[in-house]
Amino acid sequence: MISVFDLFKIGIGPSSSHTVGPMVAANTFLRSLEQYVDISSVYAIEIELFGSLAATGRGHATDTAILLGLLGHQPSTIDTRHSAQYLSPVFKEHQLMLAGSHPIRFDAERDIWWHSDIALPYHPNALTLRAIYQPLGLPHSSDQQSSTEERAVYQQTYYSIGGGFIINENEANNPETDQANPSIGVIPYPFNNAAELYQLCTHHELSISELVMANECYYRPKEEVLAYLDSIWGVMQECVKAGCQAEGILPGGLNVKRRAHSLFKQLADEFDQPIAQSDRLQAMEWINLYALAVNEENANGGKVVTAPTNGAAGIIPAVLHYYRDFLTSFSRDGVHDFLLVATAIGSLIKQNASISGAEVGCQGEVGSACSMAAGALAQILGGSVAQCLNAAEIGIEHNLGLTCDPIAGLVQVPCIERNAMAAVKAINAARLACRGNGEHCVSLDKAIETMKQTGADMSDKYKETARGGLAIYADNRIPTASVGVTVNYSQC
């Protein structure tokens with residue numbers, strides 16, 4: 001089982017795989033570099049981006065995320081309000097303060113290479129970071145064209161596999177060395193698929209949330225788990241609040257206007273009106289608002305929770321806000337249960353298929369989040385384990401084949417609106433499942449396997465490469481120059 005601490009991460013927009021993952025990779029590279037060489041001997045850094053990271057990396061701020069990581073910033077702690085200040089010396093003075101302490105010469109035009117036509121074997125999201133340093137006993141030279149004898153190189157290749165998760169080349173080639181979950185065999189209730197999860201819950205008379213909590217408590221005290229769940233929920237609420245307050249145009253060149261603020265004002269003004277009180281579907285409009293608010297914050301490079309990815313970050317918060325604002329059973333314990341059940345569903349999908357849009361299309365991002373939210377809400381509504389798994393199956397089944405085709409490589413169109421649609425779909429899936437008895441023709445395991453196979457069959461142009469579907473859409477509203485524009489945090 002993948003831990004809630006791994007599946008739900010506090011990060012920054014606009015993408016978990018293209019922004020958070022690369023920043024984490026840069027942090028990891030710094031740590032390994034510092035163990036290998038004296039950081040003060042490094043005089044150049046080179047960055048190579050491959051496949052989807054190169055094809056849509058400019059629109060996803062991959063370049064600036066890596067640079068921020070090399071400066072020593074981390075996704076969970078960086079204050080995005082000051083990102084422009086952090087990056088200013090890099091772009092204006094061509095000086096990169098490596099690890100926050102060692103200045104080197106860096107020219108983004110020269111030292112970042114975009115290989116959109118080259119895909120490395122393990123995953124479409126790949127990057128190589130290379131440090132060139134002064135070999136022992138040789139005089140220092142800042143000339144990157146110096147002879148081979150004067151160039152000592154330390155490099156690592158990383159794969160950003162979705163949701164902010166990364167692995168290095170050695171782990172990709174030797175999966176048995178992956179220590180992400182070294183004790184998975186000895187947690188109280190290990191499960192590899194939904195059938196095993198159901199059997200464990202039934203045999204031990206546990207809900208899904210109780211089982212997941214028992215597994216989490218194998219690694220850390222329950223109080224620490226609960227505190228982390230509270231922090232995740234807190235960031236989600238702050239993100240919705242910030243999105244409802246912000247106005248303006250999202251960066252990147254598409255000139256997409258933020259809608260959440262005006263929608264919030266409309267709904268707030270209508271709240272006490274008789275027509276609103278008689279509208280039985282008004283809750284749906286608030287759900288739309290919650291999802292739009294989060295994903296507009298994400299598109300603007302703000303702080304969000306990977307749930308399980310940034311591209312799908314609005315769905316689970318929207319459904320949780322529906323629980324908070326429209327169900328009388330709301331409680332702190334209920335939020336905990338919701339997030340724990342979502343963890344179980346997300347863990348199944350990540351382990352047996354993928355949550356990466358570059359690997360399986362948007363069915364792996366929005367589809368996964370919809371499934372997670374549906375299964376989690378079903379338990380909140382009083383559903384049995386079978387009904388929760390049925391809700392999760394409905395959520396993923398009706399997102400099968402969903403392509404990842406963001407226009408101009410930006411996480412804006414259709415991504416923002418797609419989250420709103422999927423949040424409503426998740427609630428419908430949960431309510432539909434809870435009206436049944438948990439029996440369903442297609443199991444959750446079969447739906448997950450189908451999603452994996454559908455992704456494998458899907459053309460690469462529909463998997464976050466901006467080469468097909470809506471991504472090639474253009475009309476007079478979209479300037480030609482905007483396609484492929486780099487969304488630096490200095491623009492946010």
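Predicted model: local features only at pLDDT ≥ 70, side-chain atom pairs only at ≥ 80, totals over all residues.
User: Where does aspartate 405 lie?

Analyst: Aspartate 405 sits in the loop between helix H18, which covers 385-397, and helix H19, which covers 415-434.

User: And is aspartate 405 buried or exposed?

Analyst: Aspartate 405 counts as buried, because its relative accessibility is 5% and the cut-off for buried is under 20%.

User: Which residues does aspartate 405 touch, leaving out those up to four places away in sequence?

Analyst: Aspartate 405 touches Val413, Pro414 and Arg418, and also Gly468, Gly469, Leu470 and Ala471.

User: Switching to helices, at what angle do H4 and H5 pack?

Analyst: Helix H4 (residues 62-70) and helix H5 (residues 83-92) pack at about 90°, and their axes are 10 Å apart, which makes H4 roughly perpendicular to H5.

User: Which residues make that contact?

Analyst: On H4 the contact is made by Thr64, Leu67 and Leu68, while on H5 it is made by Ser83, Tyr86, Leu87, Val90 and Phe91. Sorted by class, the contact of H4 with H5 has six nonpolar residues, two polar residues and no charged ones.

User: What about H15, how many of its residues are buried?

Analyst: In H15, 16 of the 21 residues are buried, so the helix is mostly covered.

User: And what span should H15 have?

Analyst: Helix H15 (residues 332-352) should span 30 Å at 1.5 Å a residue, and this agrees with its end C-alpha atoms, which are 31 Å apart.

Key. Residues numbered from 1 in each chain as written. Heavy atoms only, no water. Helix = DSSP H or I, 4+ residues; strand = E, 2+ residues; numbered from the N terminus. Buried < 20%, exposed > 50% of the residue type's maximum accessible area, 1.4 Å probe, protein only. Contact = heavy atoms within 4.5 Å. Axes fitted to C-alpha atoms, helices over the stretch in contact; angles between N-to-C directions. Parallel < 35°, antiparallel > 145°, perpendicular 65-115°, else oblique. Nonpolar A, V, L, I, M, F, W, Y, C, P; charged D, E, K, R; others polar. Expected span 1.5 Å × (residues − 1).
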